[in-house]
Each structure stands twice: as C-alpha cells, then as structure tokens.
Amino acid sequence: MTCPERTSTDRLGVLIAAYEYEMGSCFRCPRKGTQVTRFGEIRSDEGETPLYACRECVQELLVMHERQMERISPHPRIVQLPRDPRGVEAT
C-alpha cells in the first residue's frame, strides 16, 4: 500500500496541487521521467509547442511570478488556475 502524497495547504501548495501531472520531461531542468504538467507554450506562425514543467520548477516559476507581481502592484490579484490544453476534452 502506498501513502498518498502530502499536499501543502498554503496558497502556493494549493496552486501547485491544482495542476494535473503526467510522466514526462521538464523543459526547465534536466529531470526526465518525472511528474510534469503543461505550464505554457511557445507560439509562432508555424504552430504551438507545449512546455511541461516538474513540480519543483512549477513552484519556482510561481514564486518568481508572485515576487514580480508584488513589485508591480500592492493590490490583491486573481491568480489563474491551470486550464485544459486546447483540443483535449476534460474527462
């Protein structure tokens, strides 16, 4: 029997846990064969390339975003949770 993964109840932990993860490679670090989530994409006239990030990099990117937002505006803000990738229906 495996133990369920512990999920942080702080704001950042809740955001990280809201993403759906699958096995793959992280675009940001050398981790391969780890849990990753679609975190964004690169778009050009030729098409779109999805970017997948591991939990650790997702956390680092969210912290970077939070710090930048605090510098820009002291006002409360709405954080967008992950969305379903285009063309994939939710199950």
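In the predicted model, Glu-41 counts as partly exposed, at 23% relative accessibility. This residue takes part in a salt bridge with Arg-43, in which the closest N and O atoms lie 3.0 Å apart. Arg-43, for its part, is exposed, its relative accessible area being 51%; this value falls in the exposed class because the cut-off for that class is over 50%.

Arg-43 also meets the side chain of Glu-48 in a salt bridge, with an N to O distance of 3.4 Å. Glu-48 is partly exposed, and its relative accessible area amounts to 33%.

A further salt bridge joins Glu-48 to Arg-38, with 2.6 Å between the closest N and O atoms. The two partners of this pair are 10 residues apart and belong to distant parts of the chain: Arg-38 is located in strand E2, which spans residues 34-44, whereas Glu-48 is located in strand E3, which spans residues 47-54.

Taken together, these contacts form a network of salt bridges that links Arg-38, Glu-41, Arg-43 and Glu-48.

Key: Residues numbered from 1 in each chain as written. Predicted model: local features only at pLDDT ≥ 70, side-chain atom pairs only at ≥ 80, totals over all residues. Heavy atoms only, no water. Salt bridge = Lys/Arg side-chain N within 4 Å of Asp/Glu carboxyl O. Helix = DSSP H or I, 4+ residues; strand = E, 2+ residues; numbered from the N terminus. Buried < 20%, exposed > 50% of the residue type's maximum accessible area, 1.4 Å probe, protein only.
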